[in-house]
Amino acid sequence: MQVSSLNEVKIYSLSAGRSLPEWLSDRKKRALQKKDVDIRRRIELIQDFEMPTVSTKIKVSRDGQYIMAVGTYKPRVRCFDTYQLSQKFERCLDSEVVTFEILSDDYSKIVFLQCGRFVEFHSQHGHYYKTRIPKFGRDFSYHYPSCDLYFVGASSEVYRLNLEQGRFLNSLQTEASESNVCDINPVHFLFAMGTAEGKVECWDPRTRNRVGLLDCALSSVTADTEIEGLPSISALKFDGALNMAVGTSTGQVLLYDLRSSNPLIVKDHHYGLPIKSIQFQHQLDLIISADSRIVKMWNKDTGKIFTSMEPEHDLNDVCLYPNSGMLMTANEAPKMNIYYIPVLGPAPKWCSFLDNLTEELEENPESTVYDDYKFVTRKDLENLGLAHLIGSSLLRAYMHGFFMDIRLYHKAKMMANPFAYEEYRREKIRQKIEETRAQRVQLKKLPKVNKELALKLIEEEGEEQQFSKKRKQKNLPSLLKDDRFKVMFENPDFQVDEQSEEFRLLNPLVSKISEKRKRKLKILEELEAQGQEEEEEPEGKASDAESSESSDDEKGWVEEVRKQRKLLRQEEKLKRQERLKEDQQTLLKPQFFEIKEGEEFRSFKDSAKKQKLMKKTLEDRLKLEEKLGTLNVSDTTVGSKQATFKLKKSEQQRKQQEAEKRHRQERKTLRRSASHLKSRRGRGRLFH
């Protein structure tokens with residue numbers, strides 16, 4: 001029996017130890033038990049509690065007497081009688097079992113859903129009836145009031161098979177493309193199914209209408225979860241009338257109250273594996289959820305981990321024996337594991353001796369074998385002068401060293417190191433020196449960004465503290481400790497550029513004021529590099545010199561500004577000269593431009609004229625525009641000048657105006673000729 005402990009919860013593995021082959025005779029088994037101590041000490045709670053290769057599902061009958069398990073290979077079902085602690089019967093099947101359900105209190109009525117779309121019914125004597133559903137099934141539930149079996153699988157329909165009438169009823173049409181799991185509430189018989197789209201649909205079997213829809217995929221994604229695809233529903237379990245637990249394919253367990261669409265708690269297994277099984281433990285208000293790697297027990301109110309188990313092989317199913325602390329698992333291995341956790345509850349009545357056994361183990365804890373031995377390496381043996389013992393019975397080789405008796409180790413150490421007291425005394429002296437050094441002024445660690453600004457703030461903070469102590473005032477909060485300005489000393493984008501023009505003009509005295517601070521910063525960096533723990537005060541100037549530097553008058557400030565401006569002009573002049581040199585060195589290549597249709601080519605003389613005109617003074621430009629007629633200057637009555645500008649017309653506007661002028665002249669000539677003809681006709685009539 002193997003014992004493990006997590007969070008001070010002891011877990012007893014009753015299946016630990018080697019199992020004997022089935023083909024061995026009873027005489028050989030007894031002989032092996034006499035010879036091998038491990039086989040003699042192992043606990044075989046139920047005889048031959050295993051499968052030939054793999055076990056997939058395990059369940060307990062309602063009366064608690066029978067444990068049924070299915071597995072491969074070949075596909076079979078085994079029934080174990082707990083009163084006899086042995087196997088009751090074994091039946092082989094035609095195809096592998098997806099899941100099964102025990103309809104009666106004992107093993108007399110069983111339904112198997114097989115992977116070949118078959119539904120097989122077994123009675124007490126064996127196989128009873130076999131039928132087929134239209135699509136491949138993945139799970140089913142039994143509705144006791146109406147004797148209906150609800151099948152879900154690779155279809156959008158939920159197939160109903162009535163066991164009283166012996167025929168299929170009208171199926172339920174859902175919005176899901178596929179369904180993975182289903183369950184029926186034991187109190188009000190609400191039917192719930194988990195879909196591949198990550199939703200849970202709830203149906204009322206009385207009216208055959210959908211009464212609710214939960215989007216669990218959206219609720220399972222929290223801030224600290226990482227998912228690669230859409231979570232689908234892989235496990236579903238009701239607890240009482242109002243609670244429901246949902247497991248997703250990405251490893252989250254969501255606990256719902258049916259009156260709310262938001263989960264009460266979301267628990268992540270952090271393995272990214274589908275949840276295979278969910279069980280409720282009512283005595284301690286625990287939820288037992290399992291994926292293929294781990295079984296976790298956690299509080300359903302707070303989500304706090306109670307304990308967990310990691311079996312050696314991958315898990316397929318978990319079954320909690322009712323009203324006890326026994327847990328059984330179906331694994332990807334022949335042996336089915338049985339665990340006993342005394343904190344969860346007492347042992348079942350058919351194995352009540354487990355309580356006495358665990359109590360004796362707790363009263364008489366075994367000492368660890370390694371407490372009497374010391375692990376030493378080959379180098380340690382050479383230092384102790386025991387290298388010649390390698391290969392003898394006094395040393396047991398293990399990994400990169402040896403185990404030796406602790407008493408021998410202490411004797412050899414005393415003989416090899418007679419000055420152990422001197423080493424102890426030196427160690428004590430070193431510890432006392434470390435304690436005194438801790439009381440001294442520690443080295444200030446400056447940030448990576450804006451070190452000078454941080455040093456300035458530290459100095460100002462020290463001065464303010466001294467000033468506030470004298471006046472008995474409260475200290476103001478420091479910028480270095482304020483989270484709002486934390487980025488200024490971490491992000492390189494906030495580094496102060498002291499060579500920029502704005503900084504040098506707005507802070508003309510920063511170079512003189514920061515000389516002392518730069519020297520101190522250099523000393524601090526040297527101390528950090530050397531790894532010293534004391535801060536040495538830099539040798540500064542006399543107090544008179546410091547006071548004279550700090551009290552600069554206005555004349556010094558103006559001179560510094562002029563000096564900075566002169567330096568900036570010189571730098572700008574150098575930059576201009578460098579740009580001219582680069583322009584002279586660059587060779588200009590001819591560029592060709594395509595003229596669009598409807599546009600006329602103009603020479604580059606217009607642009608040259610404009611450039612020459614822009615170089616002239618305002619007076620010359622005004623005189624030129626007055627000659628051209630685009631400017632009219634006149635005196636006003638007040639004595640000031642009034643200038644009127646006329647905008648130059650473009651070539652297109654000028655042509656349009658000339659055409660309008662010609663058109664007006666032609667109309668005038670036509671009107672004159674018409675009036676002349678009328679006057680001549682009137683004169684001819686009078687003469688007649």
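Trainee: Does Tyr-107 count as buried or exposed?
Mentor: Before we start, this is a predicted model, where local features need pLDDT of at least 70, side-chain atom pairs count only at pLDDT 80 or more, and totals for chains, interfaces and linings use all residues. Residues are numbered from 1 along each chain as its sequence is written, and side-chain values use heavy atoms, with hydrogens and water left out. Now, buried means under 20% relative accessible area, exposed over 50%, and partly exposed in between, with a 1.4 Å probe and protein chains only. Tyr-107 has 10% relative accessibility, so the residue counts as buried.

Trainee: Which kind of aromatic pair do Tyr-66 and Tyr-107 form?
Mentor: Rings of Phe, Tyr and Trp (its six-membered ring) pair if their centres lie within 6.5 Å; planes under 30 degrees apart count as stacked, over 60 as edge-to-face and the rest as tilted. By this rule there are 11 aromatic pairs. For Tyr-66 and Tyr-107 the centres are 4.9 Å apart and the planes make 75°, and that pair is edge-to-face.

Trainee: How many residues apart in sequence are the parts that this pair ties together?
Mentor: Helices (H or I, at least four residues) and strands (E, at least two) are DSSP runs, numbered from the N terminus. Tyr-66 lies in strand S4 (residues 66-72), while Tyr-107 lies in the loop between strand S7 (97-102) and strand S8 (110-114), so the pair ties together parts separated by 41 residues.

Trainee: Which residues make up the aromatic cluster with Tyr-66?
Mentor: Tyr-66 counts as buried, at 9% relative accessibility. One aromatic cluster is formed by Tyr-66, Phe-89 and Tyr-107.

Trainee: Where does the charged end of Lys-130 sit?
Mentor: A charge sits over a ring if NZ of Lys or CZ of Arg is within 6 Å of the ring centre and within 35 degrees of the ring normal. Arg-117 is one such case, over the face of Phe-136 at 5.8 Å from the ring centre. For Lys-130, the distance to the ring centre is 4.3 Å, and the ring belongs to Phe-118.

Trainee: Why is strand S16 described as largely enclosed by the rest of the structure?
Mentor: Look at both faces of the strand: Phe-191, Met-193 and Thr-195 point one way from S16, Ala-192 and Gly-194 point the other way, and all are buried. S16 covers residues 191-195, and it is largely enclosed because the buried residues number 5 of the 5.

Trainee: Which residue of S17 stands opposite Ala-192?
Mentor: Two strands pair if DSSP finds at least two bridges between them. On one pairing, strand S15 (residues 179-184) and S16 run antiparallel with 5 bridges, and Asp-183 stands opposite Ala-192. S16 also pairs with strand S17 (residues 199-204), antiparallel over 4 bridges. There, the residue opposite Ala-192 is Cys-202.

Trainee: Which residue takes a positive phi in the hairpin of S16 and S17?
Mentor: In the hairpin of S15 and S16, with 6 residues between the strands, Phe-189 has a positive phi near 60°. The hairpin of S16 and S17 has 3 residues between the strands, and the positive phi, near 85°, belongs to Gly-198.

Trainee: In what order do the 3 strands of the open sheet come?
Mentor: The pairing in this sheet is antiparallel, and the order is S30-S32-S31. Its edge strands, each pairing on one side only, are strand S30 (373-377) and strand S31 (396-398). S30 pairs with strand S32 (residues 401-405) over 5 bridges. So the order to remember, by the definition of strands as DSSP runs, is S30-S32-S31.
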